[in-house]
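Take a look at the model below.

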Amino acid sequence: MFRSYLTVALRNLVKHKLYSAINIIGLAVGLAACILILLFVRHELTYDRFFSKADRIAQVTIYATLPGRSTDHASAAMLPFAAAFKQDHPEVEAAARLVRQRSIVQQGDVQFFEDMLLADTDFLRIFDFPFVAGTRETALDDPSGVVLTETLARKYFQSTDVLGRTLSVDNNKSVHVTGVMKDLPGNTQFKIDILLPVNSVSGRNLQAQEQNWGAICCWTYVQLKPGTDLAALNAGLDAWMKKTAPTFNSPTGPIVLGDIFRPELRPLTSVHTQPLLSDMRPGTSLAEIYTFSAVALLVLAIASINFMNLATARATQRAREVSVRKVVGASRGQIVMQFIGESVLLTLVGLVLALALVELVLPGYAAFLGKPLTFDYSDPSLLGLLLALAVLVGVAGGAYPAFFLSGFNPARVLKGASSGVGGGSGRLRTALVVVQFAISIGLMVATAVVHGQLLFAQTKDLGYDRENLLVLDGIGRREIRDRQGAFLDALRADPHVAAAAETDLVPGDGNENNTNVRLPGGDPSQMIILRNDSVGFDYVRTMGLRLVAGRDFDRNRGGDRMVTPDWLRNGEQRPAGSDRVTLTGAALLNVAGVQRLGFATAEAAIGQVFEAGGGDGTSLRLTIVGVVDDFHYRSIHEEIAPSYFFVSDAPSDSAVVRIKAGQVREALADIDRLWREMYPDMPIQRQFLDERLQDLYAREQKTSQMFAAFSGLAIIIACLGLFGLASFTAARRTKEIGLRKVLGAGVPDIVRLLVWQFSKPVLLANLIAWPLAWWGLEHWLRSFAYRIDLDPVLFVGAGAAALGIAWLTVGLHAARVAQARPVTALRYE
Amino acid sequence: MLKLVNLVKAYRTEEVETTALNGVNIHVQTGEFVAVMGPSGCGKSSLLNIVGMLDTPTSGEYWFNGEEVSRYGERKLADIRKKNIGFIFQSFNLIDELTVFENVELALLYHDIPARERKARVKEALEKVKISHREGHLPQQLSGGQQQRVAIARAVVARPRMLLADEPTGNLDSANGDEVMHMLTGLNAEGTTIVMVTHSMPHAQYARRIINLFDGQVVAENLRAA
C-alpha cells in the first residue's frame, strides 16, 4: 500500500512540475531561513555555559539612579564591592574583578596597543578557561606574571610555547608569561587577550580607587555555594548596599551612594541575553531572540500555507483518485495518512534542498553576524530537531488538505463532474492568502521602521558636526602628556586642520564623570548631580556645538582656565596635611544643565557661580559664562544628561580634531608625521568619530539587515504561492474565461478580472497587518529616548508594495491565459 | 442479497428540497442481473449510490445480506463495501498517474492481501478482460473500450459478491459496448450479482430483470424470460 502511495506521490511530483517546484522551493527557502535563524538562536543561548561552574556564577550589576536622571543599568560595579560583599555573605565562595587597561605592549621590535584586563587571582579559579601552557589556578598569583591567549602569544612570539618569556608593558616594565590560554570560543561574553594580576607590576595604580564606592569601573563576578537561592540573595542586596556604601561628603554636600546605586546579581548564563551598559561584548536580548524565532516561524508558516493552498486548490485533480480509493475500500483515515505522508515526503525533499541552501549561505551569514556559526551534521540533537521540524511542517501543511480531500463524496465525483468539490475551501484559501500577506506586509513595515530609526540615529542632528572629526586617544599617558599642549598647538597650526581641542570624554564612549553641584544658598542635602567634562579652549568650535547664550571659553581671559596644583595634575593623591583647595574657573552649561540647576532661561544662568566637588577633596567654584545646546554624547537610546564643561590646565586623556572638508588625506598624513616626530616610540591611536558612533548602533544595524533579508524571503515565498494559486485558478476558470471572450471580453478585461480576484486578499491583509505592526513597532521605538514617529506612509507604502508585487505575479500569468484562443478553452471540458 | 423498503432520498439545497427517491421498494436476489432504466433525473444514480453505500437514504430501510445498513456510519459502510461491492462507471475513473496493472491492484491494496497473491490476482483479472498485454501502460494510452475493460478488471479483482455498473457503456461505441456487456454477462454467470443503470435498451436486454424508475418511483418491473 505504501508503495502505491509513494508511486502516486512521486508521479504527481513529476507530472505537476510547477506545483512541485513552488512547494519544494518555498518549503526549502522557508526551512533554510528557519535553520539559519535556529542556528543563530541556539548559539545565542549557549553563551558561557561551557564553564563547569556556570550555574553558580553570577555577575554583579548596578542600577544607578542619579537625581534628575533616568536609571542606568550597567554590568559593572565599584572596586570595593567584591571584597565587602564576600565578607558579609557566607554563600559567596569566591569573588573576582576585572579592570580594563589599555597599554603598549612590546616584544623586541614589535609594539602594539592592547586592551588588557587586570584580574583578581580568583578569576581563573572561578572560570576554568582551558589552558595550553601553565597552570590556570595559579597563573595570576605572580605580580610580574601575564597570561596570554594563543593568538596573542603567536602575535608576539610566533609560538604558543612561551612560558617564562618576557614582554614589556608601558614604560619598559617587564612581565613574564605564566600561562597561555586557548583562544576564547565564540559563545562567551568575555573578550580577553591579555590577563594581568590586579596587583601587577605594570598595572594601573588602583590604590586610590580601592575604597571608592562612587566609581563604577570594574566587572565583578561571584561564585556561589551550590544550592544558593539567587533571588533571596538579591532581595537583601538593597539593604546591604545602603548599610555598606558610605555617604560621600563632597565639598558641596553629602552624596548618599546607597540611594543612588542598587546592586543586583544576574546569573552568568543570562549575561549575554540581557544586554546592559558597559558589557564586555554586545549581547543579544531575549526580545531579539524571540523576535527572530518568531520571524523564522512566520516564514515557515508562509511556506506551509503555500502547501495547504496549492494542495487544496489542486483538489479537483485529485478528487477522482481519492474517490476511487474510497470506492475500492480505503477508509478516510487511510486517505488522510496518504496525503499527510505525501506532504511529509515533500517537506523532506524540501529539507534536503534547504540544507544545501544553508551550506551555501552559512559562511557569509556567520561572517555577517560575526558569530562562528556552523552546521554540525554529527550533532544528533540538531538533526533530530530538524527532522522533527520537517515532520511538523509536513503534518501541519498536509493535515488540512488531507482532511479536505478525504471528505469528498465519491458518488458525486465519480459521476464524471468535479462537482464533488465544495466551494468552501475557496474561502479558506483566501483567508490563508490574507494571513500570508499580512505577515509579509507586517515584516515589510517592520523592516522599514527599524531601518528608518537606524537612519535617524545615524543621521540625526546630534547637536554637533560629526563629519571630519578625528579622535586621538591615549594622549593622557605619562609618556605623552608633558608635551600634549605643544603637540596640539602644532596640529592647530596645520593648514589642513580647522580646530583641535582636548577632552576627557569622547561622544560614544560609555564613560562619564558626575559630580555633586550646589548653587550659593542651595540645600546641601539635595543632590544635584551634573555630568562634567574637562575640555580645551577650542572645544565648542572643534565639535561644532551651538552656543545659545553667553560666550565661549576665551584663551585671553586668565580666569577661564582652572589652575590645578601639581599633585592633582599628575594624578597623585593630596599630600597629607596640605589644605583643601578651592579651584576657580569658567564653565559652560548645556540646556539640560540650565534646567537641572533651576534657571528660568539660558540667559539667566550667565554670570552665576556654582560649586562643584572635584576629585580628592578639592572644590571647584565655577562661573557660568555660556550655555551650549544639548548634544548627544551617548547612543540616542539614552537621554541627554545635564552637564557642564570647564577648561583646566591638567592634561586630558583624548583630543578631538576637526579636519577641513576635503582635506582628510593630507591632514592625516600631517597628523601622523607630527606624531612620529614628537613621539617616535609610541603608536598613534586615532579614529574618526562617525566610525566609533557606528559601533553604538551595530546591533540595531544587524537587526535591521536581518529583518530586511528575512522579510524579503517571506514575500518571495508568499508570491510564489500566489503565482501557483493564480495558475490553478486560471486553469479552473478556463471555460469561464473562454466564454467571456466569446461574449466579447478583451485581454485587459480578463487580466483585470483575475488580478482583482487576488487583490482583495492583499488589501484585506493590510487591515490585519497595520494595527499589529503599529502596536509592535510602537513598543520597540519606546526603547529609544529619541525616536522617529510611526509614519502612516510606511504602512501604506508596504501595502502598496505588496499589492504591486501581487499584481506583477498574477498579472503576467493572467495575461498569458487571457491571450489563449477561446476555442481551446471551450473544448476543454 | 439486498432489499430496499420504502426508501426515500431527498436533497436539500438552501430553499428547495428535491426528492430523488420516493418510497422505493426493490428486492434483488443473490445471483441476479438487474438493469435500472429511466429518463434523466428519475433517481437512477441516487439509487445506485445508496445501494453502493456511497450515500445514505433519508428514510426507509436498506437490507444488505440480512443486515439493515441504512443508519450505519461511513466507516462501517466502507468496510461492507470493501468486502462485497465492485463498481464500474461510465467515465471509467482510472487514476491517470497509475499504470493499468497498478490501477487494478489498487482494489486489493486495502484488503491485506500479500504482494505475491495480489500480483497473481491482478494478472488473472487482466486476462479475464483481455488487456494483459497493456498492463504497463498509463490510462491515457488506451482507447475508451480498453479503459473500461481495465475498470471492470479493477471492479472484479477483489471478487465482490455484487457489481454495480453506472452506465458502463455510455461512453463507448456499440462494438465496445457489446463486448463490455458480454463480459458482465459472463461475470453474472459465474455468480456475481449485478445491478446496472443504463439508458440503452439493447444493453438492458442482457439483464434478467428491468426496473423502470420515474420521478423517484418504481413504475414497472419486467422479468425477462431467461
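## The model

This is a predicted model, in which local features need pLDDT of at least 70 and side-chain atom pairs count only at pLDDT 80 or more, while totals for chains, interfaces and linings use all residues. Residues are numbered from 1 along each chain as its sequence is written, chains are lettered from A in the order in which they are written, and side-chain values use heavy atoms, without hydrogens or water.

Buried means under 20% relative accessible area (1.4 Å probe, protein chains only). Helices are DSSP runs of H or I with at least four residues, strands are E runs of at least two, and both are numbered from the N terminus.

Set aside neighbours within four places in sequence, and L47(B) is in contact with L4(B), L21(B), V24(B), I26(B), V36(B) and L213(B). Contact means heavy atoms within 4.5 Å. In soluble globular proteins, nonpolar side chains tend to be buried together.

## Chain A

Chain A has 829 residues, and 53% of them are buried. Chain A contains 27 helices and 26 strands. Its C-alpha atoms fill a box of roughly 110 × 60 × 55 Å along the principal axes. Take the contacts in chain A with a separation of 6 or more: 79% join residues 24 or more positions apart.

## Where the chains meet

Chain B brings 26 residues to the contact, and chain A brings 28. Together they bury about 2,400 Å², with 53% of it on carbon and sulfur atoms. Buried area is the accessible area (1.4 Å probe) that two parts lose on being put together, summed over both. On the chain B side, N93(B), E97(B) and Y110(B) lose the most area to chain A, together 28% of what that side buries.

How many salt bridges link chain B and chain A? The count is one. R11(A) and E102(B) form a salt bridge through their side chains, at 2.5 Å from N to O. The term means a side-chain nitrogen of Lys or Arg within 4 Å of a carboxyl oxygen of Asp or Glu.

Note on methods. Buried means under 20% relative accessible area, exposed over 50%, partly exposed in between (1.4 Å probe, protein chains only).
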